[in-house]
Amino acid sequence: MAHAFEIYKDKAGEYRVRFKYNSEVMFSTEGYASKASAQNAIDSIKKNGPAAPVEDNS
């Protein structure tokens with residue numbers, strides 16, 4: 001699969017989510033205290049992302 005969400009633990013022991021496309025990290029999240037919170041972030045992105053507006057602040 002060319003794209004995937006990845007949950008990992010950072011050096012501070014917090015769970016983070018990163019989204020990869022063709023092995024390149026496209027974005028990552030803040031740290032979460034629990035793995036369940038990281039999974040909730042993924043679920044929220046999947047649910048709300050498709051309809052999210054694009055803000056061009058250039």
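Trainee: Where does Ser23 lie?
Mentor: Ser23 is part of the loop that runs between β2 and β3, and please keep in mind that this is a predicted model.

Trainee: And what is its phi like, for Ser23?
Mentor: The phi of Ser23 is near 70 degrees, which is a positive value in a residue other than glycine.

Trainee: Is Ser23 buried or exposed?
Mentor: Ser23 counts as exposed, because its relative accessibility is 68% and the cut-off for that class is over 50%.

Trainee: Which loop holds Asn22, and what about its phi?
Mentor: Asn22 is found in the loop between β2 and β3, the latter strand covering 24-28, and Asn22 has a positive phi of about 50 degrees although it is not a glycine. With a relative accessibility of 51%, Asn22 counts as exposed.

Trainee: Switching topic, which residues make up the largest nonpolar core?
Mentor: That core has 6 residues in all, namely Tyr15, Val17, Tyr32, Ala38, Ala41 and Ile42. At least two of its residues come from each of β2 (15-21) and α1 (35-48), and α1 gives the most, with 3 residues.

Trainee: What about a nonpolar patch on the surface, which residues form that?
Mentor: Tyr21, Met26 and Phe27 form such a patch, and together they have about 300 Å² of accessible area.

Trainee: Where does Tyr21 lie, and why does Tyr21 count as partly exposed?
Mentor: Tyr21 belongs to strand β2, and Tyr21 counts as partly exposed because its relative accessibility is 41%.

Methods:
Residues are numbered from 1 along each chain as its sequence is written. This is a predicted model: local features need pLDDT of at least 70, side-chain atom pairs count only at pLDDT 80 or more; totals for chains, interfaces and linings use all residues. Side-chain values use heavy atoms; hydrogens and water are left out. A nonpolar core is a set of buried Ala, Val, Leu, Ile, Met, Phe, Trp, Tyr and Cys residues joined through side-chain atoms within 4.5 Å. Buried means under 20% relative accessible area, exposed over 50%, partly exposed in between (1.4 Å probe, protein chains only). Helices (H or I, at least four residues) and strands (E, at least two) are DSSP runs, numbered from the N terminus. Patches are made of residues with over 30% relative accessible area and no salt bridge: like charges are joined within 9 Å, nonpolar side chains (Val, Leu, Ile, Met, Phe, Trp, Tyr) within 5 Å. Accessible areas come from the Shrake-Rupley method with a 1.4 Å probe; for residues, only the protein chains shown count as cover. A salt bridge is a side-chain nitrogen of Lys or Arg within 4 Å of a carboxyl oxygen of Asp or Glu.
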